[in-house]
Amino acid sequence: SVFFREEIAGKIGADFQIVLTSKADVGRLAELKQPDDPPKFPDSKLVLRVLSSVGPGDAMSWERLSAENPGGGGCGNGRSIAQVCAIMAMGGELNGKRYLSAKIVEEAATEQVFAEEPAFGWLRMGLGFGLHSKLFPAPTPTAFHWGGYGGSWGLMDPKIGVSLGYAPNNWIVDLDTLDPRLQRFSDALAKVVPGL
């Protein structure tokens, strides 16, 4: 989290933190509205075992927000997610500074595996990102993307140089269907980018 804060987010001016380091930042966060109905999860013993290993707790507690959890503890807004994704969308270089090699961006956007994942079903995956597929569609076939619990989403497409970020505070938790808000983003992108 220190490397990300100092070498990436800080250098591009993205207001995104993996770990909150100051309690003052808690007051800057939007209040999360969790769904009234319990989350729908696939009927999988493995998924249920993983999910039951973590207590529900308070997602806004200092203990959770200050915990080192790079896979699910980020705090930011849509703009900051899009800023971080812009590094990949621009081939690893942003504002004249190289953060990643063009080769690693290409590898991240190249199918590494196509397999059935217990929680999400059949996925095409690059290096840590989902690739366009029927189950997990992207607005363009060259985009790669990933989301977070509740509906957050980051997308990057180096072919057209576009990145998107979304950070809702009104959570939708349903692993059986694609969040309809993300479909609306995809549809809007298709209207503004020629040739999609």
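Q: What is a salt bridge, and how many salt bridges does a search of the whole structure find?
A: A salt bridge is a side-chain nitrogen of Lys or Arg within 4 Å of a carboxyl oxygen of Asp or Glu. The structure discussed here is a predicted model, and when the whole of this model is searched, the number of salt bridges found is six.

Q: Which residue meets Arg28 in a salt bridge with 2.3 Å from N to O, and how many residues apart in sequence are the parts that the pair ties together?
A: The side chain of Arg28 meets that of Asp15 in this salt bridge, at 2.3 Å from N to O. Arg28 and Asp15 both lie in the loop between α1 (2-12) and α2 (45-52), so the parts that the pair ties together are separated in sequence by 13 residues.

Q: Is Asp25 buried or exposed?
A: A residue counts as buried under 20% relative accessible area. The relative accessible area of Asp25 is 16%, so Asp25 is buried.

Q: Where does the salt-bridge partner of Glu111 lie?
A: Glu111 forms a salt bridge with Arg124, and the closest N and O atoms are 2.5 Å apart. Glu111 lies in the loop between α5 (102-108) and β3 (113-117), so the pair ties together parts that are 13 residues apart in sequence, with Arg124 in strand β4 (residues 121-125).

Q: What is the relative accessibility of Arg124, the partner of Glu111 in a salt bridge?
A: Glu111 counts as partly exposed, at 39% relative accessibility. Arg124 also counts as partly exposed, and its relative accessibility is 24%.

Q: Are the rings of Phe4 and Phe16 stacked or edge-to-face?
A: The structure holds six aromatic pairs, and Phe4 with Phe16 is one of them, with ring centres 5.9 Å apart. Planes over 60 degrees apart count as edge-to-face, and the planes of these rings stand at 75°, so the pair is edge-to-face.

Q: Where in the chain does Phe16, the ring partner of Phe4, lie?
A: Phe4 is buried, at 15% relative accessibility, and Phe16 is buried too, with a relative accessible area of 18%. The pair links distant parts of the chain, twelve residues apart, with Phe4 in helix α1 and Phe16 in the loop between α1 and α2.

Q: Over the face of which residue does Lys97 lie?
A: A charge sits over a ring if NZ of Lys is within 6 Å of the ring centre and within 35 degrees of the ring normal. Lys97 is 5.3 Å from the ring centre, and the residue over whose face Lys97 lies is Tyr99.

Q: What accessible area do Leu100, Ile104 and Leu127 have together?
A: Ile104 lies in helix α5 and is partly exposed, with a relative accessible area of 37%. Together with Leu100 and Leu127, Ile104 forms a nonpolar patch on the surface, and the accessible area of the three is about 210 Å².

Technical notes:
Residues numbered from 1 in each chain as written. Predicted model: local features only at pLDDT ≥ 70, side-chain atom pairs only at ≥ 80, totals over all residues. Heavy atoms only, no water. Helix = DSSP H or I, 4+ residues; strand = E, 2+ residues; numbered from the N terminus. Buried < 20%, exposed > 50% of the residue type's maximum accessible area, 1.4 Å probe, protein only. Phe/Tyr/Trp six-rings, centres within 6.5 Å; stacked < 30°, edge-to-face > 60°. Patch = residues over 30% accessible without salt bridge, like charges linked within 9 Å, V, L, I, M, F, W, Y side chains within 5 Å. Areas by Shrake-Rupley, 256 points an atom, 1.4 Å probe, with all protein chains shown as cover.
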